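Keep the sequence and the 3D view side by side as you read.

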Amino acid sequence: MASRCSMQFEQRADVLQASDTAEGLRLAEAHPDLDVVFLDPNIPDQNGMDVIPVFAKRCPQLPVIVLKADCSGGLFVRLLENQEVGLP
């Protein structure tokens, strides 16, 4: 489902939302002008941690930002160990 939202500074952005992994990848590949993917690691159909390398392979120019409210379970340690997080 695609929608338009107003952002601070009166800029507008197109926001594409996927309900599962396959739809997210399909949208990312169909819209090469995307700037970023926001990924919830609790994807209903797949482990979100397994999706990051797939996005990296199929859409290497597209940054993936992981959003998670609960930082328990070593999520960020696993990301860093797999070198899937770029730090400035």
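**The chain at a glance**

Of the 88 residues in this chain, 24% count as buried, where buried means under 20% relative accessible area, exposed over 50% and partly exposed in between (1.4 Å probe, protein chains only). This is a predicted model, where local features need pLDDT of at least 70 and side-chain atom pairs count only at pLDDT 80 or more, while totals for chains, interfaces and linings use all residues. Residues are numbered from 1 along each chain as its sequence is written, and side-chain values use heavy atoms, with hydrogens and water left out.

**Fold**

- You'll find three helices and four strands in the chain; these are DSSP runs (helices: H or I, at least four residues; strands: E, at least two), numbered from the N terminus.
- Starting at the N terminus, the order is β-β-α-β-α-β-α.
- Take the contacts (heavy atoms within 4.5 Å) with a separation of 6 or more: 51% of them are between residues 24 or more positions apart.

**Nonpolar core**

- The largest nonpolar core has eleven residues: L25, A28, V37, L39, I43, V51, I52, F55, C59, L62 and V66.
- A core here is a set of buried Ala, Val, Leu, Ile, Met, Phe, Trp, Tyr and Cys residues joined through side-chain atoms within 4.5 Å.
- At least two residues of this core come from each of α1, β3 and α2, and α2 gives the largest share, three residues.
- In soluble globular proteins, nonpolar side chains tend to be buried together.
- Leaving out residues up to four places away in sequence, A28 touches L34, F55, C59 and L62.

**Largest pocket**

- The largest pocket holds about 870 Å³ of space; a pocket is an open set of points on a 1 Å grid over the protein atoms alone where a 1.4 Å probe fits, with protein on both sides within 12 Å along at least five of seven lines, and lining residues have an atom within 4 Å of a point.
- Its lining has 29 residues, and L16, Q17, V36, V37 and F38 lie nearest the centre.
- β2 (12–16), α1 (21–30), β3 (37–39) and α2 (48–58) each give two or more residues to that lining, with the largest share, five residues, from α1.

**A closer look at T21**

- T21 sits in helix α1 and is buried, with a relative accessible area of 8%.
- The side chains of T21 and D45 are joined by a polar contact of 3.0 Å (N or O atoms within 3.5 Å; within protein, one must be able to donate a hydrogen and the other to accept it, and residues adjacent in sequence count only if both atoms are side-chain atoms).

Definitions and conventions. Grid points are joined across faces, edges and corners, and a volume is the space filled by probe spheres set on the points.
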